[in-house]
Amino acid sequence: MPFTQEIVSLQERGFGSLQNDTFVQDPFSRGCARSDPGGKPENHVVATPQEIYDYCKVRDYPGEIYPHGVFFLIEDGPSQKILACSANCAQFFGASPEEVLGSKFPGLFEDGSKIAAALSSDNIMAANPITLCTAKGPKPGELAPMVNVILQRSPNGIIADVEELDPCEDFLAVNDSVRSAVGMLETCATPQELCQQMVWDAFNILGCDRMCVWHSHEDGNLEVTAERRSKRVNNPFLGTMWPAVDFDPTSRLGYLQRPYARQVVDASADGVKLLSCADHIGTNEISLKLSSLRVVHKSLPEQMAVWGSKHMSSWALVYQGRFWGLLCAHHATAKNYSFQTRMAIQLLAQGFNQRLSKMLDGATLAAQENQFKLSTLLCARAQEKGGANKVESFLDGSATIANTLEGCKAAAVFHKGAWTKVGEVPAEELLNKLVDKCKAEFPDETPQPIVQLSALVPDLASASPKSAGALYIPIPGHAGSCLLMFRPELSKSTTWAGDPDAAAIKDRETGIIWPRKSYSDVQKKNTGRCVPWLKADVEAGIALGRVLAAAVSDKLTATTEIDAATYPAFSVDGAGNVAAWNAAVAKLSGIDAAAAVGKPASSFLLPKSQEALQMMLVQAVQGVMSGGGELVLAIAGARAPEEQGHLAVRAVPLSTGTGVTFLGLDRRATVAAELKYKRYVTVLSQIDRTGASLRPNNMVVNVQATEDKFEYFPDKEDSAEALILEDKVGKVYLMVNRNDGSLYEVRKINVKKAEKVGATLTDMKRELVPLLRLVHPGVVRCRACFTSSENKNLNVVNDYEGDKLALLLHSYPTGLAEATCASIAKQLLKTLADLHARNITHGNLTSMSVVIMEDGTTKVSDLGLKCLLKTQGAQDKEDVLAAGKVLMAALGEGGKGSALAGKIAPLLSADPTARPSAADACASLA
């Protein structure tokens, strides 16, 4: 259905509001205001469906992005020239938009060859994410940030989202956790359990404040079917319904088309404008549909503020290629999940899709089998009775036509001016009014679901408790004849997230359309309404109409039930030849019934399915078939696996006992989803390989380092006993990791104290990036970093490898032996020389940051906040001076006149230029 028609349809069904929910109202641009309509109330009118559509359709061209990343539009060709960029490009690249526009995009990065190769690739997305450092820092002397570059082709050119990679986010641990979570999905027996399990695991992995699943019902309304909240979130969503237009058809389609997750990092952040150097494209003509940086409409931040959320991420849940729902994460504070973590949760969502498909496919096949068997029974009964009793045979006995659809309690057939009924149905006078109304409203022969009969015929309100809704099924070829399947009134009330009947308001003077703002829960009774009819119910109704048409026309045959089915179905006789081949399987295979009947069934299958067919035939005839299987029809011209005729099937023995009927379900969309899942597995493996080089020091147990994973040692309740040292910005504790049982030194840096000495949290994280990658025999490994709640502390996890030199000197008040000091000096200076060669200075070297291991190995630790990119030699000479002080302290009073002290003396020169480099000092000790 075209989008405009679908909106009209929704409006006509009573869902007439344009609402500012979590997902829908993305930015309106090109002159559309982004503020409350205000103005005079007398100018406010209810917006029409077409006005809503026109107002929303420009959502992908806002001309601005969120500020946590930088956006680029690149010419798709050899030049790789930057055509447009966001105004904030200096925050990562140290260059203004004017300097960047028109230049080559790869030149902005430390290793631009990776970018250039990816831009030249046909499959550009296969390279995502490209993780590397920018060519220079935001300001002179500042470290260059490590960033993720995400490339995608668009109608305007290649778009690049650039986001900084937070070293506190251990995406390798996230990947491992997600793989375990996918395995847990296999233990779930129902869709509800599946939703709850996914929400539980995703909540633990992401550490968010709220995680929930929104399930989209077939009528378009969304229901929160699973939720988990942190203690600080008080307002539950579980069980609430959200009106269909909260998430319009274009948004649903966008989730199906968009390859990556949607993320709002900070709903309170103002957008950053795009700037362009290309004459042929304006910034409001650049489609940001695929960009993860695209801003959303102002109404979304307002609604998130009501929830107490600043962050929201969402992943599509899909069944049979159709939008099934969303997995959503909310945070009370701003949060930027890396591309790697978003992809990991995408794999979890794909694992959910696979498991859900198996469950729903199985349920659909079971329902088809039950309906088929009952239809077969009723047809056999009709053939036995014959004559005028054929209609009655469908409504007599313990099994009747009313039993074919779930939730139906009664049915009535109108044929040749007479009613045949089963169960408690309305009086014939009311039935006649209903049929007359249906004929007028629905002139074709397609079954029509009616949720509220009293909306069509007000007099039927009195019958609502037993017959609130009906499926109206015209009998094909018999004008005026029909079948009515009744459902009783839905007893429970529905909790809506705001009044679903509230309309969007347009200001006639300004043209502004603004959604309603109240999301207070609204309880609505389902008076006079039944459980909604599903697409499967309508398709079953089509089959019932066809069977009844054959019965009243004396045309019942052995293949009537197969021919009537709307799903693929065929039967095979005892010799293995096709006995029946319905229209649905003919359409799927491209082979009509005339060409199939009488031919070996195996000839229409791929070779791998031929053996499966024979096994199903034997099992079904022997009565040992306990489920179904898969058959793949050979389709001429099909190349990709998902283009073949994949069928999930149930095998039902024929009543004659000499053949089998195969009831099928088209699995091509499911096969495509399975292939997509495998691609995500490949992407995660690629991320693992990249991560191994980015984080070679990851902890032995690959579990996300968080505050709750560490406890003080030796007494978890006594932080004072665990304290190793304290400085002006924080403390270092000896702590044990609960996962691997190993001891670590955890430095807790107080962010506010660090800011007072000029070190921001962003600066400190950037300084930690090279430390997390540093592998050197003379350096204690930096394993991980993480922030505590509310970003109060930045925690840096280092290995615990031995005694501090300062503590060792307490046992040797007169100093260490000269030979021992010489060994320490050689190792210490050699390590410093290697660090300086890598443009790393220690910056905080004391006897408390020198570790002496049992075998005499000397290592440096606590390469702290002053570990900066080398910009001038004096910084290295400060390390040399500090090393001289440490070594003289180790020699003590007794070693001041030694030969070693003489060699150390130049390190202590007050003039930095007179001090030797660490490399030269080390060579002098040889």
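Mentor: A charge sits over a ring if NZ of Lys or CZ of Arg is within 6 Å of the ring centre and within 35 degrees of the ring normal. In this predicted model, local features need pLDDT of at least 70 and side-chain atom pairs count only at pLDDT 80 or more, while totals for chains, interfaces and linings use all residues. Residues are numbered from 1 along each chain as its sequence is written, and side-chain values use heavy atoms, with hydrogens and water left out.

Trainee: Which residue lies over the face of Phe237, and at what distance from the ring centre?

Mentor: Arg210 does, at 3.6 Å from the centre of that ring, a value within the limit just given. The charged end of Arg228 likewise sits over the ring of Trp200, 3.5 Å from its centre.

Trainee: Why is helix 6 called roughly parallel to helix 10?

Mentor: Helix 6 (residues 171-185) and helix 10 (residues 339-385) pack at an angle of about 5°, with their axes 9 Å apart. Angles under 35 degrees count as roughly parallel, over 145 as roughly antiparallel, 65 to 115 as roughly perpendicular and the rest as oblique, so helix 6 is roughly parallel to helix 10. The axes are lines fitted to C-alpha atoms, for helices over the stretch in contact, and the angles run from 0 to 180 degrees between N-to-C directions. Helices (H or I, at least four residues) and strands (E, at least two) are DSSP runs, numbered from the N terminus.

Trainee: Which residues of helix 6 and helix 10 meet?

Mentor: Among them are Phe171, Val174 and Val178 in helix 6, and Ala344, Leu348 and Phe352 in helix 10; contact means heavy atoms within 4.5 Å. By class, this contact has 11 nonpolar, four polar and one charged residues (Ala, Val, Leu, Ile, Met, Phe, Trp, Tyr, Cys and Pro count as nonpolar, Asp, Glu, Lys and Arg as charged, and the others, Gly among them, as polar).

Trainee: What makes the aromatic pair of Trp324 and Phe352 tilted?

Mentor: Rings of Phe, Tyr and Trp (its six-membered ring) pair if their centres lie within 6.5 Å; planes under 30 degrees apart count as stacked, over 60 as edge-to-face and the rest as tilted. The count by this rule is 21 aromatic pairs. For Trp324 and Phe352 the centres are 5.7 Å apart and the planes 55° apart, hence a tilted pair. Trp324 lies in strand 14 (residues 322-331) and Phe352 in helix 10, so the pair ties together parts 28 residues apart in sequence.

Trainee: How is the aromatic pair of Phe710 and Phe786 classed?

Mentor: This pair is stacked, with 5.8 Å centre to centre and 10° between the planes. Phe710 lies in strand 29 (residues 710-712) and Phe786 in strand 33 (residues 782-787), so the pair joins parts 76 residues apart in sequence. Both Phe710 and Phe786 are buried.

Trainee: Why does Glu445 count as partly exposed?

Mentor: Buried means under 20% relative accessible area, exposed over 50%, partly exposed in between (1.4 Å probe, protein chains only). Glu445 has 44% relative accessibility, so it counts as partly exposed. Glu445 is found in the loop between helix 12 (428-441) and strand 17 (448-450). Its C-alpha is 6.2 Å from that of Pro476, 31 residues away in sequence.

Trainee: Is Gln320 buried or exposed?

Mentor: Gln320 has a relative accessible area of 17%, so it is buried. Its phi is positive, about 55°, although it is not a glycine.
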